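Below is a short briefing for a reader who has not seen this structure before.

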Amino acid sequence: MVRLCILSLASVFMLASTTQAETIDSVLSSENQSLGVAKASVGIVDDMAFIRRASVDLIGRIPTVEELKEYQNWPAQTRRDQLVDKLIEHPRFADRWTVFFADLLRLRSNVTGGSALIAHVHRNIRDDVPYNEFAATLISTNGKAGRSPEVGFILGDNADPLAMASVTSQVFMGVRIGCAQCHDHPFDVWTRKDFYSVAAYFGKTRRYESNFTRVVYTSEGEQTTVLWPPEDEAEESERKAMVPSFPFELIGAKEQPEFIARYEALLQKKADALAAKDNSPSLDDLFAEADGKVEAATGNGISVAVAEAREEINKIDVKASLYKRSEYREQLAQQITSPRNRLFAESFVNRIWHDLVGRGFVEPVDDFREDNPPSHPQTLSYIADEFVANGYSFKQLVKSIVQSDVYQQKQVPLGSNELVQEELEAAFLATPMRRMLSESLYDSIVTAGHLFDLKYRQGENERIIEQEVRVLLAADGEPQDLASADVQDLAGNPQQMTNQGMAMENGGGAGYTLEDAIELDFDALLKDEDEVELDVMVAKSQEELEAERMQMENQRRPRVGMKYETKIVQRTVDDNPRFSSALRMATPAPVGHFVRVFGQTSRNDLGEARDDNPSMRQSLMMLNGRLTHEASRVGTLEPVSKYLIGGKPQIEKAIELAYHEILTRNPTAEELAWAKEMIQEAKTPSDGMADLRWVMLNSNEFRFLP
Amino acid sequence: MACNDYKLSRRAMMGATSASILGFSIRDLLAYSGKDHEAKAEHVILFWNGGGMSHIDTWDPKPGRPTQGEFSPINTSAPGVQISEIFPKLSKQMHNAALIRSIAGTQGAHGRASYNLQTSYLPGPNLRHPGVGSVVVHELDNNSDLPPYITISGQAPRASYLGQKCEAYYVAAPGEKDPYLAFPSGISQVRGDRRLEQLAKFNQRFLDKKNDTRLTSTQTSIEDAVRLMRSPALEAFELDKVDSTTLERYGDTNFGRGALMAKRLVEKGVRFVQVNRGGFDTHSNNFPAMSNHGEVMDPALASLVEDLSESGMLEKTMVIMLSEFGRTPRINDNAGRDHWASVFSCFMAGGGIKGGQVIGSSDEDGAMPKDRPVEVADIHATMCHAMGIDHEKEVMTPLLRPMKLVDNGSPVMELFS
């Protein structure tokens, strides 16, 4: 009975969102008509292409064969909607979109409070916390790094008011007011004074660092640090405290557009539901109850224990006042995230649209201004209105876009010249060729190659590797026993010499660390502990690196009176590689890492876009890297091995499976013949299959979305 | 732009268009107008010393002053020029090299100073500036199979708005095998080549179904990669083929191998090589540390300058050693020296620089510039000048903000005879 209820509720929601997707299509098509676009849509992709596109976009990897089968067994009518519902609630959905927010908010594990903020963002996506609430806390929270994860946002720019003025405007409203920091905006209405008036909201906020505990937190000071006129325009004595004010246009209080009415009704409904459900006792109730219990037990008045408990609670309050609330920033957050601020909803919708459809209504996505108007203002405004009316639900927004025909369109047909292509793509009648995000590309290779799990039986794949090490000679110049000698690798790092397999991820030490993905534990990062620490992949400060370099150099230089010799040693390694998800990696990845080479930014500069151009470095990494190599090799625990190893090989079945696993489609007859020939030419069927898979993983078809 | 075969994204395109006029780079135009006749340098080897190297204990000794510390100055092959005794071999090459002793820095913190010295700019809130190596390869064509910009034993600054093509190719430890330059172990040459052949077929079939220029540019990047993998020039990376006498002359250290590899790389046409080294932040025990640094740097630098000079490569290769700042004239209680940006020195040779000279000087204690103060950006302007690059040229950032290649500054013309 209960189950039925949930099901019917779900279908009501599904219906609601399907309708929204359909309306997006109809608003867009009538807008195209009024813009005089004569061409029609190129049509939507088939089911196989849809599951591939949607899986990569929503959960950051290609679908598995099991997922593909399940999907194909669903009724054709509801298949795509069912898939979208499933993907949006998939645990990887939050992983995938954390990457989006990490780009947007420039999340970095190596800044104070950075890792906790990443985990916080992840949890907010998972729980579909309304985007306006999420943004408001980032803008306004004061507190301690790590414990109040939101504060990582302002600490990312060291709570510098001028930087924060640029960041908040550009990130949350798509407005580049930062240009007005040094001069009145060249192409826009913003003046230096506007810029300083936004910065003034951050003027009293300070970054504090305890000399004792090195704990970092933010709080409010008494005086503002933002003065007007700017330093270069006036003498110090003439500069006065700048009063914060909000230069961006809001919908007037007298107007009550329908979507705001709907939003407010939704809020009311939520509040009512909460009030009806909320039977939880207040703090006073708890005191009364505790007092009562103690009284009952002791027969006396308030006991020592209760007095102590009260004192404890008071202490907490005292502690809380250390992190003073920022009234200014709360005002700013309220203005920015107000439903009356069109820029807030529109700039966010535009970013999501850009990510999913391949092109924004406004391009670049962070440059909303009068002389750079949206290509389809009505469509943008419709989606933004619905976003607000739906209570800023991120999942709902993504769902409505992915269910629309616009998202599901094919690419331009063969033979279209560049002009036609541009015309079709600009009118959203065809999908631009999109390369997977670097993290999704990485995870898709791991998925296709069955590398999230072990694919060989233990000991099946033992391999002897040779390594050059430096061994300390004993005082008499004789080599010592390797097990007890001071042994370093060539970089001067001490080595443990044992004959057991080395505990290492991905054959570490073989020079492939640029392909490792060591995951962050998001849950641990949000534990209510005082210090949040990262054991692995801690990005290092300049000084630490310097110290390390120094140490390394010292180790490398022969110590006085000690002699080393270089030896080649052999180790046995159980080479059964496993890879983790790049979506959950500490960010940004080191320079030169796979995900950096394929476009992840340094997350350092505001408005830095992912570079999706090909490069030689990318090709070297794909052609010769360990990830593609290991993904290509056929593991005995993989489904395909039963067609290849032992008994009579069933090559056609194996090829078909490889196409499903890697490219999410059936091979054509021509391809089947080509692949068969390739496998037959190889030494063994498994080798041939590895060659075929290597080719497919390296292909354009693999990395570009269908 | 160095690689016209790559189709750029719209954003990158906007940045690129302003970088040339009607398809001619500024360098070409200058060449046609005959203005770059002074440009002799085609390559740069930049030694980057992280941490802030003491100027007094290296290039600018102050004999007889309390600041001098434990080292004595020694005479060099350049008449009248003395350097620290920690460079006995290099002292015999100083007729090939020049020193600037009057760099007036402004940044005394590691992060800001290394940013300043490597980019010519000061760090700002919204934008990261590219390193000078990226600037050079952005402006000059790549004449080699090898990547035009290579950094050894450490990271180079990012290319930022100059784009992925201008990022440095990273070599972690000179002499160690780079796994990405050959097929993975277990894949024979024959099998690897066959895979590449089949990949080209597969990609072509896809291209026949979807015509999109982005697909052809991926193919270009594969061809570039394969050309590199097959290039005989790759041997420049392989130090195991170098005879042991040469290795020993440069010193069997990371730094020595780095210098040797840098020489081999520029000989193969690489434009810009950066060799990184740290350990100069000598707040305590400055003198033993600097003595060790001397042992490592002296044979490498001396052999490099000597070899380049003998082969004639020095004429077109600028060798330059930079650090974040100098160190205090005062020797502190831990026998160390602290950060000092007000004046410091740098070592330069080749690429049209007249050897045996010293530009500017510091005061008697090495505390302030005495004459001919040189600004940090002047160094980058000088490097550009030597290579025929207009350092004042503007490029567009992705936010369409015009940025000069170098943050103003003017070339130190006295260096060039």
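In this predicted model, helix α8 (residues 254–267) of chain B packs against helix α9 (residues 286–311) of chain B at an angle of about 15°. Their axes are 8 Å apart. Angles under 35 degrees count as roughly parallel, and α8(B) and α9(B) are therefore roughly parallel to each other.

**The helix pair in chain B**
- The crossing of α8(B) with α9(B) is right-handed.
- From α8(B), the residues that meet α9(B) are B:Phe255, B:Gly256, B:Ala259 and B:Lys263.
- On the α9(B) side, the residues met include B:Val296, B:Met297, B:Leu304 and B:Asp307.
- This contact between α8(B) and α9(B) is made up of 9 nonpolar, 1 polar and 2 charged residues.

**Chain A against chain B**
- Contact between the chains involves 54 residues of chain A and 55 residues of chain B.
- Helices of chain A that each supply at least two residues to the side touching chain B include α9 (161–173), α22 (542–556) and α29 (685–698).
- That side of chain A holds 21 nonpolar, 19 polar and 14 charged residues.

**Domains of chain A**
- The domain assignment places domain 1 of chain A at 113–249 and domain 2 at 441–632.
- Where these domains touch, 13 residues come from domain 1 of chain A and 10 residues from domain 2 of chain A.
- On the domain 1 side, α6 (114–126) and α9 of chain A each supply at least two residues.
- The largest share of the domain 1 side, 7 residues, comes from α6(A).
- By class, the domain 1 side has 5 nonpolar, 7 polar and 1 charged residues.

Methods: Residues numbered from 1 in each chain as written. Chains lettered and ligands numbered in written order. Predicted model: local features only at pLDDT ≥ 70, side-chain atom pairs only at ≥ 80, totals over all residues. Axes fitted to C-alpha atoms, helices over the stretch in contact; angles between N-to-C directions. Helix = DSSP H or I, 4+ residues; strand = E, 2+ residues; numbered from the N terminus. Parallel < 35°, antiparallel > 145°, perpendicular 65-115°, else oblique. Left-handed = near helix turned anticlockwise from the far one by under 90°. Contact = placed C-beta atoms within 7 Å. Nonpolar A, V, L, I, M, F, W, Y, C, P; charged D, E, K, R; others polar. Domains from an automatic or database assignment.
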